[in-house]
Amino acid sequence: MNQILILAAAKISIIKLFTMILLGNPSYSDLLCGLLFFLGFALRFWVAQRRFNRKKSFGNQQFKSYFNAMLILFIERVLTLFSLAMILGPVLWFFCT
């Protein structure tokens, strides 16, 4: 019974938080956090879509050369880490301040 009440209270507080952001008077840091959060997901989606489009029928990725493969994979790893920071950073900033 207590777990149900705790979950209901958590749902209400999350809903209240999002309504406060959408309908209330959010600060610029709140808006920046939301923007970075969604940009992080968009960047992550873009990298995953590029990887998916490079795959052929057997599931391996096709590159023009070895150097091209290493360069593209390195850049995609950096972008994936950057998108992770763009997703987790604003979440931590928003809930810790």
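In which helix does Ser83 lie? Ser83 sits in helix H3, residues 66-96, where helices (H or I, at least four residues) and strands (E, at least two) are taken as DSSP runs numbered from the N terminus. The model is predicted, so local features are held to a pLDDT of at least 70 and side-chain atom pairs to 80 or more, while totals for chains, interfaces and linings use all residues. Residues are numbered from 1 along each chain as its sequence is written, and side-chain values use heavy atoms, with hydrogens and water left out.

Zooming out for a moment, the protein has three helices and zero strands, giving the pattern α-α-α along the sequence. The average pLDDT (the predictor's confidence in each residue, from 0 to 100) is 79, and 73% of the residues score at least 70. Confidence is lowest in helix H1, residues 2-23, with a mean of 57, and highest in H3, with a mean of 90. Where pLDDT is low, the predicted coordinates should not be read in detail. Of the 97 residues, 16% are buried; here buried means under 20% relative accessible area, exposed over 50%, and partly exposed in between (1.4 Å probe, protein chains only). The accessible surface comes to about 8,100 Å², and 74% of that belongs to carbon and sulfur atoms; the areas come from the Shrake-Rupley method with a 1.4 Å probe, and for residues only the protein chains shown count as cover. As for contacts (heavy atoms within 4.5 Å), 70% of those with a separation of 6 or more are between residues 24 or more positions apart.

On to H3 itself. This helix has 31 residues and reaches 44 Å from its first C-alpha to its last, close to the 45 Å expected at 1.5 Å a residue; the expected span is 1.5 Å times one less than the number of residues. At its start, a side-chain oxygen of Ser65 comes to within 3.2 Å of the backbone nitrogen of Asn68. A polar contact is a pair of N or O atoms within 3.5 Å; within protein, one must be able to donate a hydrogen and the other to accept it, and residues adjacent in sequence count only if both atoms are side-chain atoms. The buried residues of H3 include Ala69, Ile72, Leu73, Glu76, Ser83 and Met86. Ser83 has 0% relative accessibility and therefore counts as buried. Its side chain reaches the backbone oxygen of Thr80 at 2.8 Å. Leaving out residues up to four places away in sequence, Ser83 touches Gly40, Leu43 and Arg44.

That leads over to H2, residues 28-54. The 27 residues of H2 should span 39 Å at 1.5 Å a residue, which agrees with the 39 Å between its end C-alpha atoms. Asp30, Cys33, Gly40, Leu43, Val47 and Arg54 are buried in H2, and H3 is part of what covers them. Leu43 has a relative accessible area of 17% and so is buried. Apart from neighbours within four places in sequence, Leu43 is in contact with Leu79, Phe82, Ser83 and Met86. With neighbours within four places set aside, the contacts of Arg54 include Asn60, Phe63, Ile72, Leu73 and Glu76.

Rings of Phe, Tyr and Trp (its six-membered ring) pair if their centres lie within 6.5 Å, with planes under 30 degrees apart counted as stacked, over 60 as edge-to-face and the rest as tilted. This rule gives two aromatic pairs. Phe37 and Phe38 make an edge-to-face pair, 5.4 Å centre to centre with 80° between the planes. The pair of Phe37 and Phe41 is edge-to-face because the ring centres are 5.0 Å apart and the planes stand at 80°. Phe37 and Phe41 are four residues apart in H2, about one turn of the helix. An α-helix has 3.6 residues a turn, so residues three or four places apart point the same way. Ring pairs join Phe37, Phe38 and Phe41 into a cluster. How open are these residues? Phe38 is exposed, at a relative accessible area of 58%, whereas Phe37 is partly exposed at 24% and Phe41 is partly exposed at 41%.
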